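Good morning, and thank you for coming. I would ask you to look at the sequence and the model on the screen before I go through the backbone, the helices and the cores.

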Amino acid sequence: MIIGINAPDACRPGIEDIIRVFYRGFEIKPAAPGAGHDIEITLSLEQSDGYLLAAAGIQSANLERTHMEKEPVIPGSDLENESKRLARLAVYRLLEGVKAGCPTPWGIMTGIRPTKVVHRIMDGGLAPEGVIKALTEKFAVTPEKAALITEIALHQRPFLPAHPGTSREIGVYAGIPFCPSRCLYCSFPAYPREKYRHWVAPYVNALLQEIKAVGEAVKAASLNVRCIYLGGGTPTCLEPAQLAAVLEALNQNLPVTADRELTVEGGRPETLSAEVIDIIRAAGATRLSINPQTMQERTLRVIGRHHTVRDVMDAMERARSAGLETINMDIIAGLPGETAGDMRDTLGRIAALRPENLSVHTLAVKRAARLSREIDQYPLPSPGSTGAMLEEARRRAGLMGMVPYYMYRQKNMLGNLENIGYALPGRECLYNIMIMEERHSIIGLGAGAGSKYVMPGGMLYNRYNPKDPRLYVERLEEIIQKKKRGIAALNRA
Ligand code: SF4
């Protein structure tokens, strides 16, 4: 089936996102005479007598319907953005009527970070009840989700500068793009370590050089590093000496604040030997992520994790004995073949391990993942069942004394749901808040790492290192020069 769109160019990408929520798998293209589409969706925008008007229409062989949204123009508001939002809202409300319901609780919040929107509304001085009302009316978010993101944003406010880009504190991310094996659902640059073993040493050497150069540039720009995140991939699958060298380089070269946070992603529990945990502890890591994803042996085999539930428990025990302060555990709702009962069991086993953080993801079927190519072989839970798993996770996190403190959404998540990070109060990971809310700059080091340069006023420049580790090594000098210029610009801003 083909859907033709007739809408102003600036609004088209946002409208396409909304249409995809209602019509999955349809081809969408600009409407044109003789283009042969089965459905035509039109959108027109107008400003008249102090109001913005968005009129949406749908036409097919047996259907013709229109919907109009009208809002007063608020003086000082960003008219371009408001017009795009109203256009999406008009199309959403139109299709909600046509399809007799909404397939997502998130309304028109596609392709945007929900809590960033909440912060923008809060910056305007609205009280929480007003924020929830604005989210339900202007973004078509359900009252439950509106309350959830308002709660998260309120929790984050003390960690954020009042205005984007005004903090002299930044974050640093360093990535290790190697893993013991590749998970079924993985879409990251994560190269199986055994197969690409010959790439690892040159890669680590290049990363050490980038860390040193960035450390000098950050010092020259009089910035301070408040949080460091060593992620991947699986950093803990490096040889112990390589891992120690990377952690030492981060600690020695970056000008850190006295209260600097250092997270090490130990994603695969089987990599967390006593020696590796000792290196992480000696480096002064404040947070370690041990990620079971599920505590069901059967599912671990299906998703290609190559570790057992026992490995998770052993890693946790070693981390606790070493005295690591904050442990995070990641789980995924919606894994192939899992039921709400499996999730309940997983959460019960995790609660018994008493982590300080729990990150609950919804499975996303990404194009680059093996799961996407072999989807027919892996029955996935229904959106309703996945939603029930998230609800159960929320309930259990609450019973563990945790609060939701960051969230994000991605494309192609089961049931158009969300990922939520929970933490015991006082154990929040600042890096996770920084990366989602984009009020601090973050410098990304290593293959595929993204840097976010946030200027005062909120202008955000995203820049990426090459994904391929060989290209990263080959182009290191050029990468370093670009990064130095980006960091120097932060100082001039
Ligand atoms: S552990 Fe993470 S990065 Fe590594 S293969 Fe699995 S999903 Fe990808």
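Let me begin with Ser222, which lies in the loop between α6 (197-220) and β9; helices (H or I, at least four residues) and strands (E, at least two) are DSSP runs, numbered from the N terminus. Ser222 is not a glycine, yet its phi is positive, at about 55°.

A word on provenance. This is a predicted model, in which local features need pLDDT of at least 70 and side-chain atom pairs count only at pLDDT 80 or more, while totals for chains, interfaces and linings use all residues. Residues are numbered from 1 along each chain as its sequence is written, and side-chain values use heavy atoms, with hydrogens and water left out.

Most residues other than glycine have a negative phi, and most peptide bonds are trans. Glu438, which is not a glycine, also has a positive phi of about 55°, and its place is the loop between α14 (430-437) and β16 (442-445). Glu438 counts as buried because its relative accessibility is 8%; buried means under 20% relative accessible area, exposed over 50%, and partly exposed in between, with a 1.4 Å probe and protein chains only. The other feature is a cis peptide bond joining Gly232 and Gly233, with omega of about 15°. Gly233 sits in the loop between β9 (224-232) and α7 (240-253).

I turn to the chain as a whole. It has 16 helices and 18 strands. Its radius of gyration is 23 Å, close to the 23 Å that the globule rule gives for 493 residues, so the chain is as compact as a globular protein of that length. Here the radius is taken over C-alpha atoms, and the rule is 2.2 Å times the number of residues to the power 0.38. Along the principal axes, the C-alpha atoms fill a box of roughly 65 × 55 × 45 Å. Of the 493 residues, 54% count as buried. Contact means heavy atoms within 4.5 Å; among contacts between residues at least 6 apart in sequence, 71% join residues at least 24 apart.

What does the interior contain? The largest nonpolar core has 126 residues, and those with the most contacts inside it are Ile19, Leu135, Leu288 and Leu358. A nonpolar core is a set of buried Ala, Val, Leu, Ile, Met, Phe, Trp, Tyr and Cys residues joined through side-chain atoms within 4.5 Å. Helix α6 gives the most to this core, with eleven residues. A second, separate core of 17 residues includes Tyr408, Cys429, Met434 and Ile435.

Leu135 leads us to helix α4, whose buried residues are Val131, Ala134, Leu135 and Thr136. Their cover includes α2, α3 (114-123) and α5 (143-156). Beyond four places in sequence, Leu135 touches Met109, Val117, Val118, Ile121, Ala140, Val141, Ala146, Ile149 and Thr150.

How do α2 and α4 pack? Helix α2 (residues 79-98) meets helix α4 (residues 128-138) at an angle of about 65°, with the axes 10 Å apart. Axes are lines fitted to C-alpha atoms, for helices over the stretch in contact, and angles run from 0 to 180 degrees between N-to-C directions. Arg85, Leu89 and Arg93 of α2 make the contact with Thr136, Glu137 and Lys138 of α4.

Helix α1 (residues 12-22) is mostly covered, with nine of its eleven residues buried. Among them are Glu16, Asp17 and Ile19. The cover of its buried residues includes β1 (2-6), β2 (27-30), β3 (39-48) and α2.

Pro114, in helix α3, counts as buried at 0% relative accessibility. Pro114 and Glu437 are 323 residues apart along the chain, and their C-alpha atoms are separated by 9.4 Å. Gly334, in the loop between β12 (326-333) and α11 (340-353), is buried with a relative accessible area of 0%. Leaving aside neighbours within four places in sequence, Gly334 is in contact with Leu363, Leu380, Pro381, Thr386, Met389 and Leu414.

Thank you; I welcome your comments.
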